[in-house]
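This report describes the architecture of one protein chain for a reader who is new to structural analysis. Please keep the sequence and the structure in view while reading.

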Amino acid sequence: MNERAKQLLSGYAKIKIGLLGFNGPDPTNDEFLGIPRATVMAFEEAWEAGLLPRRYELVFDPENGLPNGTAQNAINGYNRLVDQGCIVVLGAHSSDNAYAVAPVANARKVPLIGWPGTERFAGEYCFRLGNGDCGGDAELIVSWVKRKGYKSVAVLLEISPNSEEYFRFLQLSCRRHDIRIGALEITTQTPDDLSENLARLKDAKCDAFVYLGYGQLLCQGLMKEALDKIQWDPPRITTTAFMMYMFGHELFDGWVGLDQTCEDNPRTIAFRKRYEARFGEELELKDNPNWCCALHLLAYDGAQAVIEGLFRAPLLTGEGMKVGLERIRWVPTVTGGPRTHLSANPNEHNLFSGDWLTYARMENGVIKYEGLLEACD
């Protein structure tokens, strides 16, 4: 787009885009520093490249949803953004909030793009850019177990919104790949003594340990404390809860987990360099110069989905935006492996396709890339 065209479009009313779960335009107000900046960067790059039909305005709402707030807060936040004229909303990212807001989005006919792992987030106006996947996580875990030659697993199931889905798919995957679930323990996110559960799992003498949960037991240090107490150091793997390593790498030592960063994706490396040049701050982890926190990648790709939807939308309304999102095909991402891309159609609103889930491990406080899914048969 030439400068004259940009100047003309700058006089048009701005497209309003809702960000549900963010505190405002100052990124320092947010828990994860680079997420709003990555979102802004995607929109600015799109404007500079002439991809946007007119200027944009990001409208923020803090949400204060579950688990610390309420589902009603998340619903109210979505409604506030739509009432202000937003034609698409990025947010309600956790599974419990996304599940609560989904019926409202479908009723109000303004697309909601969320990051939940649950398959329950569905509907005509719900689009999922998964920060993990309950069924996919389970399949990748069992594939890792199988490829390592392990025959049995001890499972710790946490009482959390996604646990039933995790375990249902884990059972199917174990049956498919002839892996025995040798022991099962169920606990809350705030157990009185986690070591008692783990001791019973240890006594089962399985080949590997699987933790299915949201990650609070890991990031609060309860898992490390309990494993140390009973002196158990098994081969162990968890879901995309692994990405909570941002709360302390030392708490995740010895774990393999699912992530969404891939050192072999050239778009990820290029994104990091552009981000650092634009904002003058480093994104990579200091112990691994090739690594980006996946949340920043998701933020960028979520904005990419909006941009591509706007480019394809026949009308700048919620209903037009839905059609535009459904016309997205093969848009390369910064998330996941080199072949990961965004695609959708009227019958498929899961935006990620390809190797969008990866493996990583923590060794002595340093994250190591563990690769992509491989056939285990």
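## Salt bridges

A salt bridge is a side-chain nitrogen of Lys or Arg within 4 Å of a carboxyl oxygen of Asp or Glu. The model examined here is predicted, so local features need pLDDT of at least 70 and side-chain atom pairs count only at pLDDT 80 or more, whereas totals for chains, interfaces and linings use all residues. Residues are numbered from 1 along each chain as its sequence is written, and side-chain values use heavy atoms, with hydrogens and water left out. Helices (H or I, at least four residues) and strands (E, at least two) are DSSP runs, numbered from the N terminus. A search of the whole structure finds 20 salt bridges.

Glu124 is partly exposed because its relative accessible area is 49%, while Lys322, at 10%, is buried.

## Further charged pairs

Arg278 forms a salt bridge with Glu48, and their closest N and O atoms are 3.4 Å apart. Here too, distant parts of the chain are linked: Arg278 belongs to helix α10 (residues 266–279) and Glu48 to helix α2 (residues 35–48), 230 residues apart. Arg278 counts as partly exposed at 35% relative accessibility, and Glu48 is partly exposed at 41%.

Which residue forms a salt bridge with Lys224? The partner is Asp228, the closest N and O atoms being 3.0 Å apart. Both residues lie in helix α9 (residues 222–230), four residues apart, which is about one turn of the helix. Lys224 counts as partly exposed at 33% relative accessibility, as does Asp228 at 48%.

Two strands pair if DSSP finds at least two bridges between them. Seven strands form an open sheet with mixed pairing, in the order β7-β6-β8-β9-β10-β14-β15. At its edges stand β7 (180–187) and β15 (366–371), each of which pairs on one side only. From one strand to the next, the twist averages 25°. Axes are lines fitted to C-alpha atoms, for helices over the stretch in contact, and angles run from 0 to 180 degrees between N-to-C directions.

Strand β6 (residues 152–158) runs parallel to strand β8 (residues 208–212), and five bridges join them. Leu156 has Tyr211 in β8 as its bridge partner. Helix α6 (residues 163–176) packs on the sheet, touching β6, β7 and β8, and its direction makes about 165° with that of β6. Helix α7 (residues 194–203) also touches β6, β7 and β8, and its direction makes about 170° with that of β7. Contact means heavy atoms within 4.5 Å.

## The five-stranded sheet

An open sheet of five strands has parallel pairing and the order β2-β1-β3-β4-β5. β2 (56–61) and β5 stand at the edges with a single partner strand each, so one side of each has no neighbour in the sheet. The twist of this sheet averages 25° from one strand to the next.

Three bridges join the parallel strands β1 (residues 15–20) and β3 (residues 89–91). Leu19 stands opposite Leu90 in β3. Helix α3 packs on the sheet, touching β1, β2, β3 and β4, and its direction makes about 170° with that of β1.

## A buried methionine

Met362 is located in strand β14 (residues 358–363). Met362 is buried because its relative accessible area is 2%. Which residues does Met362 contact, leaving aside its neighbours within four places in sequence? The contacts are Phe242, Tyr245, His249, Phe252, Asp253, Gly254, Trp255 and Ile367. The C-alpha atoms of Met362 and Arg236 are separated by 11 Å, although these residues are 126 residues apart along the chain.

Notes:
Buried means under 20% relative accessible area, exposed over 50%, partly exposed in between (1.4 Å probe, protein chains only).
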